[in-house]
Amino acid sequence: RAAFELEQLPDESLPRPDEAAARLQAARRVSAALGRLPEREQALLRGHYGEELSLCDVGHRLGLSRSGASRLHARAIDKLAHLLEDPAHEPRRKGRS
């Protein structure tokens with residue numbers, strides 16, 4: 001009987017439904033805000049965070065020096081933060097107007 005009861009416990013390695021929904025909403029907000037950045041800033045952030053490349057490697061891909069990539073990164077993160085602070089930039093949910 002103890003084995004049966006243990007099988008009924010929730011799998012704590014999985015996020016709770018409310019946590020999963022919050023993560024999905026946050027990912028949508030970041031994606032929408034990222035899409036509003038200039039193309040070069042998007043490429044830098046996607047390469048660094050999405051592809052997990054170093055700033056130096058992403059900068060090289062974009063024709064930037066290490067310091068140029070660092071400056072572009074700082075500018076892009078600042079813009080992204082401002083976009084995420086503005087509720088007017090929240091993506092609309094499907095099925096809502």
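**Close-up views of the salt bridges**

**View 1. Glu41 and Lys79 meet in a salt bridge.** In this predicted model, Glu41 pairs with Lys79 in a salt bridge whose closest N and O atoms are 3.0 Å apart, a salt bridge being a side-chain nitrogen of Lys or Arg within 4 Å of a carboxyl oxygen of Asp or Glu. Because Glu41 lies in helix H3 and Lys79 in helix H5, the pair ties together parts that are 38 residues apart in sequence; helices (H or I, at least four residues) are DSSP runs, numbered from the N terminus. Lys79 counts as partly exposed, at 33% relative accessibility, whereas Glu41 is buried, with a relative accessible area of 4% (buried means under 20% relative accessible area, exposed over 50%, and partly exposed in between, with a 1.4 Å probe and protein chains only).

**View 2. Arg75 also forms a salt bridge with Glu41.** Here the closest N and O atoms are 3.8 Å apart. Arg75 lies in helix H5 (residues 66–85) and Glu41 in helix H3 (residues 39–50), so this pair ties together parts that are 34 residues apart in sequence. With a relative accessibility of 43%, Arg75 counts as partly exposed.

View 3. When residues up to four places away in sequence are not counted, Glu41 touches Leu72, Arg75, Ala76 and Lys79, where contact means heavy atoms within 4.5 Å. The C-alpha atoms of Glu41 and Leu62, which are 21 residues apart along the chain, are separated by 9.9 Å.

**View 4. Arg61 and Glu51 are joined through their side chains in a salt bridge.** The N to O distance of this pair is 3.0 Å. Arg61 belongs to helix H4 (residues 55–61) and Glu51 to the loop between H3 and H4, and the pair, 10 residues apart, links distant parts of the chain. Glu51 counts as partly exposed, its relative accessibility being 44%.

**View 5. Arg16, Asp18 and Glu19 form one network.** These residues are joined by salt bridges that share partners. A search of the whole structure finds five salt bridges.

**Notes to the views.** Residues are numbered from 1 along each chain as its sequence is written, and side-chain values use heavy atoms, with hydrogens and water left out. Because this is a predicted model, local features need pLDDT of at least 70 and side-chain atom pairs count only at pLDDT 80 or more, while totals for chains, interfaces and linings use all residues.

How values were computed
Helix = DSSP H or I, 4+ residues; strand = E, 2+ residues; numbered from the N terminus.
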